[in-house]
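Subject: the model we talked about

Hi,

Here is the structure I said I would pass on.

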Amino acid sequence: MVLYSGICTAILMLWPGVNTRYAMPIAPSVAVLAGIAWDVLEKSRYAVIKRVAGTMLGLLVIYQIVLVVVIMPLFADRFGETRLAAWKIDLAMRAAPAPAYCLRLDTNVFFYLQVQPRCLDLQAMAAQSPPMWLLIPNPSVADFAKLRPDLDARIVVDGLTDAKITATRVDTK
């Protein structure tokens, strides 16, 4: 378990383009190791270590409670930013249904969408026939317009999340 947790964590720290959410498969082994450590500590005669570990556990529990009860409600717009962005995109796409295409981006917005877009590169998007929705960053809209000047690409929903996703409706001119 130590090797699994340690090696996987080391790989995740060094892997290019990794996100912290990829560490979730390591969580069960870390929990088992913590349980084993707690059991060993319980049988230990070092009372100071027991108190320190208990205090740390208590502080972590208090931190989690404060985070969930106080911080997250105060900053709900930041913690729910991707859900809100997906909601706005869904509203626009339901108002004018059409196939949706996206670029492969490092964002969770696509997870929350009701209609899952098909991820393509810009050239493959340009080969599609309108009407369609493009879920791409703002600078890519101009690049798409250069590839297909015969189409009308207008941004309907702009500047969502840190990836600056835009929902762009593409129709014939």
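First, the ground rules. This is a predicted model, so local features need pLDDT of at least 70 and side-chain atom pairs count only at pLDDT 80 or more, while totals for chains, interfaces and linings use all residues. Residues are numbered from 1 along each chain as its sequence is written, and side-chain values use heavy atoms, with hydrogens and water left out.

**Helix packing**

Helices and strands here are DSSP runs numbered from the N terminus (helices are H or I with at least four residues, strands are E with at least two). Start with α1 (residues 2-14) and α2 (residues 27-42): their axes come within 9 Å and cross at roughly 135°. The axes are lines fitted to C-alpha atoms, for helices over the stretch in contact, and the angles run from 0 to 180 degrees between N-to-C directions. That makes α1 and α2 oblique to each other (under 35 degrees is roughly parallel, over 145 roughly antiparallel, 65 to 115 roughly perpendicular, and the rest oblique). Their crossing is left-handed, meaning that the near helix is turned anticlockwise from the far one by less than a right angle; clockwise would be right-handed.

Which residues meet there? On the α1 side they are V2, Y4 and S5, and on the α2 side S29, V30 and L33, where contact means heavy atoms within 4.5 Å. The residues of this α1 and α2 contact divide into four nonpolar, two polar and no charged.

W38, L41 and E42 of α2 make the contact with I49, K50, A53 and G54 of α3. Those residues divide into four nonpolar, one polar and two charged.

**Around the strands**

T166 sits in strand β5 (residues 165-172). T166 is buried, at a relative accessible area of 0% (buried is under 20%, exposed over 50%, partly exposed in between, with a 1.4 Å probe and protein chains only). The T166 side chain reaches the backbone oxygen of I136 at 2.7 Å.

D152 is in strand β4 (residues 151-160) and is partly exposed at 33%. D152 and D171 are 19 residues apart in sequence but 5.3 Å apart in space, C-alpha to C-alpha. Beyond neighbours within four places in sequence, D152 is in contact with R169, V170, D171, T172 and K173.

**A loop and a helix**

S129 lies in the loop between α7 and β3 and counts as exposed, at 56%. P131 lies in the loop between α7 (122-126) and β3 (132-137), and the P130 to P131 peptide bond is cis, with omega near 0°.

Finally, S140 in helix α8 (residues 138-147) is buried at 12%. Leaving aside neighbours within four places in sequence, S140 is in contact with L103 and L122.

Cheers

Key:
Polar contact = N/O pair within 3.5 Å; in protein donor to acceptor, adjacent residues only side chain to side chain. Nonpolar A, V, L, I, M, F, W, Y, C, P; charged D, E, K, R; others polar.
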